[in-house]
Amino acid sequence: MFYSLTVTASCPMDLKNFPFDSPVCILHMESFSGSILDMRYKWINNPSVTVGHGATIGDFTLQGYKVDASEIESLPPVAGNYSRLTLNIQLKRIFGRYHTDFYSTSLILVLVSLSGLWISSHTLSITLATIN
């Protein structure tokens, strides 16, 4: 049998290195309805997964992917060996937006705040007197 799938999935991410992170999303496809004696999953073509050129996923670019077929052993009550397909997707976050939205704005705010420390107290009193 031949199956073609379109999958919508979520990817848990570790945000310790945000926005410099490069997460790996793992998608496992397996069936517990039939053991490895009944059915065996395998990737048909090489490459079995196709991705459009320059594909982006939200704030990420696709760095690459790896496919694998393996056997897993299940524990009771459904004990047995089952077939599994695995797709590892390597992503890289696009940094440009965070640079302009966060870092540049924070730098300007700090510089404007520090500019008050560079003004002498005499100049400051003259400036405040002319404003009033």
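**Buried pair first**

Modeller: Let's start with Asp-21 and Arg-93: both are buried, meaning under 20% relative accessible area, where exposed is over 50% and partly exposed lies in between (1.4 Å probe, protein chains only). Bear in mind that this is a predicted model, where local features need pLDDT of at least 70 and side-chain atom pairs count only at pLDDT 80 or more, while totals for chains, interfaces and linings use all residues. Residues are numbered from 1 along each chain as its sequence is written, and side-chain values use heavy atoms, with hydrogens and water left out.

Biologist: OK, what do the side chains of Asp-21 and Arg-93 meet in?

Modeller: A salt bridge, at 2.6 Å from N to O. The term stands for a side-chain nitrogen of Lys or Arg within 4 Å of a carboxyl oxygen of Asp or Glu. Asp-21 sits in the segment before β1 and Arg-93 in strand β4 (residues 80–93), so the pair links distant parts of the chain, 72 residues apart. Strands here are DSSP runs of E with at least two residues, helices are runs of H or I with at least four, and both are numbered from the N terminus.

Biologist: How many salt bridges does the count come to?

Modeller: Three. Another one joins Glu-30 and Arg-84, with the closest N and O atoms 2.5 Å apart. That pair also links distant parts of the chain, Glu-30 being in strand β1 and Arg-84 in strand β4, 54 residues apart.

Biologist: Where do Glu-30 and Arg-84 stand on accessibility?

Modeller: Glu-30 has a relative accessible area of 28%, so it is partly exposed. Arg-84 counts as partly exposed too, because its relative accessibility is 21%.

Biologist: And which residue does Asp-14 form a salt bridge with?

Modeller: Lys-16, with 3.6 Å between the closest N and O atoms. Asp-14 and Lys-16 are both exposed.

Biologist: Switching topic: how many disulfides does a search of the whole structure find?

Modeller: One, taking a disulfide as a pair of cysteine sulfur atoms within 2.5 Å. The partners are Cys-11 and Cys-25, whose sulfur atoms are 2.0 Å apart. This pair links distant parts of the chain as well: Cys-11 is in the segment before β1 (24–30), Cys-25 is in strand β1, and they are 14 residues apart.

Biologist: Is the link of Cys-11 and Cys-25 left-handed or right-handed?

Modeller: Left-handed, with -100° about the S-S bond.

Biologist: Why does Cys-25 count as buried?

Modeller: Because its relative accessibility is 11%. Cys-11 comes in at 23%, so that one counts as partly exposed.

Biologist: Now the overall layout. What pattern does the protein chain follow along the sequence?

Modeller: β-β-β-β-α-α, so four strands and two helices. Of the 132 residues in the protein chain, 16% are buried.

Biologist: What about the span of helix α1?

Modeller: It agrees with expectation: the 23 residues of α1 (residues 96–118) should span 33 Å, and the end C-alpha atoms are 32 Å apart. The expected span is 1.5 Å times one less than the number of residues.

Biologist: Where does α1 bend?

Modeller: At Tyr-103, by about 25°. That bend is the angle between axes fitted to the seven residues ending there and the seven starting there.

Biologist: Last one: why does Leu-111 count as partly exposed?

Modeller: Because its relative accessibility is 43%. Leu-111 lies in helix α1.
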